[in-house]
Amino acid sequence: MAPSFLFDFTDKSPNVTVTDIPQNALSFNIPPEEQKKLCPYPIPKLDDIVKDIERSAYQVDKRKFVSDLFECGAIAISNQVDLAQKEKREERYLQIIKSYTPALQKKLAEIFGKIYALLASVVYDNGKFNDNLGELFMKCNLGNKNAGQFFTPYHISELMARVMDETLIKEKTAGDGVITINDPCCGGGGMLVAALDVLQSCGVNYARNCFIDAGDIDERCVHMTYLQLSLAGVPAVVRHQNALTRELWGVWYTPALLFQYLRFRKYINLN
């Protein structure tokens, strides 16, 4: 049986020690010239992750491999904070991981480690927003023509997000207020990531002054969005739902939401 901690995401990056991190990064007064050095690891390249997937999934169904990669990663994060759903999700994790050989289990964990590092890099000053999982999905040729499932290129999502009124944004977040964003058909979360990009460019601390309510009928998209929002530090609820019939099959709470539950609980609507 595969160990349930296979996907635990403790950072064990090679050649990185505490002494590699600038000492003044531990203080709140960080000189501008040091801000670009905050990320303590080399940020993985998306193309390298795609190559890792191509090399690892040749013996199995690639669509299933990528879907399981996203779901196991989402469960690994959720189970650190959402204790109410941990037991059921741990069972699901074990069901998935036991369907792979030990060698492929190791590959899944290694690839997720790179995805984790890439998505989390946005919180550092030298990180940048991008729909990384949507782009990964398309670069792996996993778009579904019959279902019309294609993820919007990030530059288009960013252009659309820029229609947000900066005056309204500042008005909503004035006095430590919260701006709410809803996307009931979120896909892989690319549009939401673009919205965060715009909010941050307007000076908004989205980790405190933004709440996202997202959902999708495709469970894989739910996992993708959950990963992207969780690792960017966004307070959010991501629902596996049918936005038209209002059927609800699952709810995922990001760590940033649960850590600030008292602040955001009035925005969480499970009806």
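1. Contact here means heavy atoms within 4.5 Å. The model is predicted. Leaving aside neighbours within four places in sequence, Ile115 is in contact with Ile49, Leu69, Phe70, Leu133 and Leu136.

2. Now the core. The largest nonpolar core holds 64 residues. Ile53, Phe70, Ile115, Leu136 and Ile212 have the most contacts inside it. Helix α3 (residues 62–81) supplies the largest share of this core, eight residues. Another core lies apart from it and has eight residues, including Val237, Leu257, Phe264 and Ile268. In soluble globular proteins, nonpolar side chains tend to be buried together.

3. Next, a helix pair. The axes of helix α2 (residues 46–56) and helix α5 (residues 102–120) come within 10 Å. They cross at roughly 170°. Angles over 145 degrees count as roughly antiparallel, so α2 is roughly antiparallel to α5. The crossing of α2 past α5 is left-handed.

4. Which residues make this contact? From α2 come Leu46, Ile49, Asp52, Ile53 and Ser56. From α5 come Leu104, Lys107, Ile111, Lys114, Ile115 and Leu118. Seven of the residues in the contact of α2 with α5 are nonpolar, one is polar and three are charged.

5. Last, a histidine. Is His223 buried or exposed? Its relative accessible area is 2%. Buried means under 20%, so His223 is buried. His223 lies in helix α11 (residues 219–231). Not counting residues up to four places away in sequence, His223 touches Phe70, Glu71, Ala74 and Trp252. Phe70 is also among the residues with the most contacts inside the largest nonpolar core.

Technical notes
Residues are numbered from 1 along each chain as its sequence is written. This is a predicted model: local features need pLDDT of at least 70, side-chain atom pairs count only at pLDDT 80 or more; totals for chains, interfaces and linings use all residues. Side-chain values use heavy atoms; hydrogens and water are left out. A nonpolar core is a set of buried Ala, Val, Leu, Ile, Met, Phe, Trp, Tyr and Cys residues joined through side-chain atoms within 4.5 Å. Buried means under 20% relative accessible area, exposed over 50%, partly exposed in between (1.4 Å probe, protein chains only). Helices (H or I, at least four residues) and strands (E, at least two) are DSSP runs, numbered from the N terminus. Axes are lines fitted to C-alpha atoms, for helices over the stretch in contact, and angles run from 0 to 180 degrees between N-to-C directions. Angles under 35 degrees count as roughly parallel, over 145 as roughly antiparallel, 65 to 115 as roughly perpendicular and the rest as oblique. A crossing is left-handed if the near helix is turned anticlockwise from the far one by less than a right angle, and right-handed if clockwise. Ala, Val, Leu, Ile, Met, Phe, Trp, Tyr, Cys and Pro count as nonpolar, Asp, Glu, Lys and Arg as charged, and the others, Gly among them, as polar.
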